[in-house]
Amino acid sequence: MALVPEDGTGLSTADSLCARAFADAYLLSVGLSTNWLASDTDGAKRDAALRVAAIVVSEWEPAWLGQQLTTAQAFAWPRVGLNRVGASLAVSGQAAPTRILNLVCEVAYLQKTAAAFTKSESRNIAEVVVGPLEVVYDLARAASKRYPQLNRLAALFTAPGGLSFVSSN
């Protein structure tokens, strides 16, 4: 089944935020195309990874600035009312800002080549209280691989203190 990328109008039928051609070009430009394109002559793996990436990006949804363009759209993007420190971050005619599309590509690449993702909102907590001091540890976060590059791509468009992206591997 062909990939239906978001076109910036708030499609209810979209199953990815970016087109395969955009992902191929972006990953080629950052030197990640070898594993991305390998043994995928019909593009099915890339399409599947892009579908998953768009869903995974929705994990940031509680932290995105602004509001969805329409209530019927399939994903959190496109958005309106993107303001941060008095500056407008609005982007018209795109599914999402280029940084968000790059984020989708990075997540798709990781999905296709390596990791499974989870939100870092773990409730696996250990507390140590010694007198007046209390230390709280998130055991799941300590064992998870972090992807700060993904959070940096999303940071401009998320509220301060937004969600972090980590791998359960």
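**Notebook: helix packing in a predicted model**

I began with the contact between two helices: Arg 99, Ile 100, Asn 102, Leu 103, Glu 106, Val 107 and Leu 110 in H4 meet Gln 149, Leu 150, Arg 152, Leu 153 and Ala 154 in H6. Contact here means heavy atoms within 4.5 Å. By class, the contact of H4 with H6 has seven nonpolar, two polar and three charged residues.

I noted the conventions before going on. This is a predicted model, in which local features need pLDDT of at least 70 and side-chain atom pairs count only at pLDDT 80 or more, while totals for chains, interfaces and linings use all residues. Residues are numbered from 1 along each chain as its sequence is written, and side-chain values use heavy atoms, with hydrogens and water left out.

**Geometry of H4 and H6**

I then looked up how helix H4 (residues 98–113) and helix H6 (residues 148–155) pack: the angle is about 160 degrees, and the axes are 8 Å apart. H4 is therefore roughly antiparallel to H6. Angles under 35 degrees count as roughly parallel, over 145 as roughly antiparallel, 65 to 115 as roughly perpendicular and the rest as oblique. The axes are lines fitted to C-alpha atoms, for helices over the stretch in contact, and angles run from 0 to 180 degrees between N-to-C directions.

**H1 and H3**

For H1 and helix H3 (residues 44–57) I found an angle of about 95 degrees, with the axes 10 Å apart. These two helices are therefore roughly perpendicular to each other. Arg 20, Ala 23 and Asp 24 of H1 make the contact with Arg 46, Asp 47 and Leu 50 of H3. I counted the classes at this contact of H1 with H3 as two nonpolar, no polar and four charged.

**Two buried residues**

Tyr 26 is placed in helix H1. I record Tyr 26 as buried because its relative accessibility is 13%; buried means under 20% relative accessible area, exposed over 50%, and partly exposed in between (1.4 Å probe, protein chains only). Leaving out residues up to four places away in sequence, Tyr 26 touches Asn 102, Cys 105 and Glu 106. Tyr 26 and Glu 106 are 80 residues apart in sequence, and 9.0 Å apart in space from C-alpha to C-alpha.

Val 57 lies in helix H3, and at 1% relative accessibility Val 57 also counts as buried. With residues up to four places away left out, Val 57 touches Leu 17, Trp 64, Leu 103 and Val 104.

**A cis peptide bond**

Trp 77 and Pro 78 are joined by a cis peptide bond, with omega about 5 degrees. I located Pro 78 in the loop between strand E1 (67–68) and strand E2 (79–80).

**Whole chain and confidence**

I listed six helices and nine strands in the protein; helices (H or I, at least four residues) and strands (E, at least two) are DSSP runs, numbered from the N terminus. Of the 169 residues, 39% count as buried. The pLDDT, the predictor's confidence in each residue from 0 to 100, averages 77 over the protein, and 69% of the residues score at least 70. Confidence is lowest in strand E5 (residues 117–119), at a mean of 45, and highest in helix H1 (residues 20–29), at 91.

Key. Nonpolar A, V, L, I, M, F, W, Y, C, P; charged D, E, K, R; others polar.
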